[in-house]
Amino acid sequence: MDSLVFLCARHVVAQRPLPALPADLYPVLFQAAFLDGRPLVLRDFVASWPFPVLNFQKLVGHLELLQEHDCQLCEAVIQAVVSQLWRELEEPGHNFSLRMLDMTQLLDSVTGCTTTGMNVCSSTEIFARACVEVSTNEREFQRHGPERFERRSGAGTSVVPRQAPGVDIHTDLFVDEMSYDIVCDALQSGATSSLRLKCRKFTAMNIRAAEIVTLLESLDPSFLRRVVLFYNSLELTGLLMILPHLLRFPDLCSLKVQCNDVDVQHLTPESQMTIHNVARQLGMLPSLRELSLEYNQLSGNLCQILCNLQAPLESLELAFCSLLPADLIFLSQSIHAPALKRLDLSGHDFSQGLLEPLQLLLMETSASLLHLDLMDCCMADSHLDVLLPTLLRCSHLRVLRLHGNPLSTAAVKDLLQRTLELPDLHLVVYPYPMDCFKPQPPNSGWDFIKDKELFAAAKAEFSQILVNSRRTDLIWTDNLDGHEDLDFSL
């Protein structure tokens with residue numbers, strides 16, 4: 001239910017032009033204008049923003065609120081900044097308070113297509129085009145502006161307009177082949193423009209290694225924290241080209257890469273040397289604490305990849321990496337195991353020889369582990385029964401994902417009852433129980449389909465257990481989507 005203050009704020013933003021307002025009301029009024037979809041009012045607020053910082057995420061609030069609104073509102077905010085910077089050029093006496101616009105986490109929230117068809121890339125392009133527009137305006141002003149100032153002043157000598165201090169946009173950039181050119185232009189114009197992109201998280205999708213290097217060279221080295229190289233069909237040689245350029249970012253703490261071109265079962269001397277060089281370069285990143293290598297074929301090579309890292313990892317994602325028992329044994333004996341807060345081993349067959357090494361690994365991570373992903377791991381009731389005692393030793397566990405494993409309703413129920421003793425557990429994503437499927441007639445095209453009545457009865461039983469145990473804070477669901485990951489990062 002909305003507070004009385006927020007209801008009053010909604011009434012105020014429904015009118016335009018806005019009345020004179022005290023500064024301490026701006027945050028709640030901005031939130032009301034955004035949630036009510038009022039781009040013109042948002043532009044007015046930004047134009048008269050009384051503070052040096054506008055933090056979009058803090059003002060708007062929960063991530064799900066961002067998911068319900070399109071990029072038109074974000075564009076209204078950015079264009080208001082562009083307009084005010086232009087006024088600062090034309091009117092030296094004009095004072096624009098805003099100096100930093102924090103749009104970080106926005107791209108992590110507005111993913112995929114929205115109701116208006118805009119996607120994650122649209123926000124990056126909006127920011128980039130605004131920077132290019134400001135840079136173009138300033139170049140034009142340098143050509144023509146001083147003459148106008150001279151005529152206005154009546155002086156015999158030209159008056160040089162003061163240099164506006166400008167605005168920094170703190171953001172997470174998502175760059176693909178469609179947005180590469182405009183983002184590249186925006187970053188390269190930032191050195192002389194009064195509107196500058198400061199990238200916290202850089203995601204590159206389906207662009208070449210040389211293009212990634214060009215963008216990295218244009219980023220502020222003091223600001224970048226995370227790099228994601230996503231679905232790039234990136235070869236190890238390309239990764240080896242990129243890694244040296246990450247050394248200029250001293251606070252880079254998170255790296256996610258996908259390279260699936262190496263046949264680790266038949267390594268050549270050349271590919272072995274490339275893996276060695278990649279590992280050496282990873283070891284030169286002093287602040288690296290989060291590493292994701294999912295969908296890379298690492299069988300038997302995990303030790304070589306991780307052995308040069310300078311400090312223990314806190315997050316390690318190895319989903320669908322074709323790991324061998326020796327890889328898990330190495331990890332359990334490494335410096336990383338006691339420090340891990342997040343571990344993703346999804347996509348490995350624990351019905352074979354990996355279950356015992358997994359137990360050893362969980363024993364070593366039990367004091368620190370907060371988030372565990374074991375999805376699509378061929379884990380049946382008997383395997384879960386063996387694993388549960390070790391799992392329960394992870395006393396600080398907050399998130400457990402077991403989606404995609406062939407478990408029965410009885411096994412899921414037992415898991416629920418036994419994990420209730422974990423006081424910090426916040427989210428469990430369990431699989432659709434195997435006994436909640438029903439067989440189909442021959443030639444129907446399907447072997448099994450979901451029996452919704454059986455599953456509804458199972459869900460009701462799970463809910464009742466939670467109510468009886470007074471653990472209604474625990475989210476127990478079969479739905480993979482709509483759950484924000486807990487923030488345990490540095």
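User: How many cavities of 30 Å³ or more does the structure hold?
Analyst: There are two of them. Keep in mind that this is a predicted model.

User: What's the volume of the second largest cavity?
Analyst: About 30 Å³.

User: And which residues line the second largest cavity?
Analyst: The lining is made of Val 82, Leu 85, Trp 86, Leu 89, Val 134, Asn 137, Glu 138 and Ser 194. Two helices, helix 6 (71-90) and helix 8 (120-153), each give at least two residues to that lining.

User: Which helix supplies the largest share?
Analyst: Helix 6 does, with four residues.

User: OK, zooming out. What does the secondary structure of the chain come to?
Analyst: You'll find 18 helices and 15 strands. The chain has 490 residues, and 51% of them are buried.

User: Switching to charges. How many salt bridges does the count come to?
Analyst: The count is 21. Side chains of opposite charge can pair when their charged atoms come close.

User: Which side chain does Glu 88 meet in a salt bridge?
Analyst: Its partner is Arg 99, at 2.6 Å from N to O. Glu 88 sits in helix 6, while Arg 99 is in the loop between helix 6 and strand 2 (100-102), eleven residues apart.

User: Is Glu 88 buried or exposed?
Analyst: Glu 88 counts as buried because its relative accessibility is 1%, and buried means under 20%. Arg 99 has a relative accessible area of 24%, so Arg 99 is partly exposed.

User: Where are Lys 256 and Glu 294, the other pair I clicked on?
Analyst: Lys 256 is in strand 6 (residues 254-257), and Glu 294 is in the loop between strand 7 and helix 13 (302-306), 38 residues apart. Their side chains meet in a salt bridge at 2.9 Å, N to O. Both residues are buried.

User: What about Asp 373, which side chain does it meet in a salt bridge?
Analyst: That would be Arg 342, at 3.5 Å from N to O. The pair links strand 10 (residues 371-373), where Asp 373 sits, with strand 9 (residues 342-344), which holds Arg 342. Asp 373 and Arg 342 are both buried.

User: Which residues are joined with them into one network?
Analyst: Glu 317 and Arg 401 are in the network along with Arg 342 and Asp 373, through salt bridges that share partners.

User: Now the outside. Which residues form the nonpolar patch with about 230 Å² of accessible area?
Analyst: Ile 329, Leu 360 and Met 363 make up that surface patch. Leu 360 belongs to helix 15 (residues 355-365).

User: Last one: where is Met 284 found?
Analyst: Look in the loop between helix 12 (269-282) and strand 7 (290-292). Met 284 is partly exposed, at 37% relative accessible area. Beyond its neighbours within four places in sequence, Met 284 is in contact with Leu 247 and Gln 310.

Definitions and conventions
Residues numbered from 1 in each chain as written. Predicted model: local features only at pLDDT ≥ 70, side-chain atom pairs only at ≥ 80, totals over all residues. Heavy atoms only, no water. Buried < 20%, exposed > 50% of the residue type's maximum accessible area, 1.4 Å probe, protein only. Patch = residues over 30% accessible without salt bridge, like charges linked within 9 Å, V, L, I, M, F, W, Y side chains within 5 Å. Areas by Shrake-Rupley, 256 points an atom, 1.4 Å probe, with all protein chains shown as cover. Salt bridge = Lys/Arg side-chain N within 4 Å of Asp/Glu carboxyl O. Contact = heavy atoms within 4.5 Å. 1 Å grid on protein atoms, 1.4 Å probe; cavity = no way out; pocket = protein on both sides within 12 Å on 5 of 7 lines; lining within 4 Å. Points joined across faces, edges and corners; volume = space filled by probe spheres on them.
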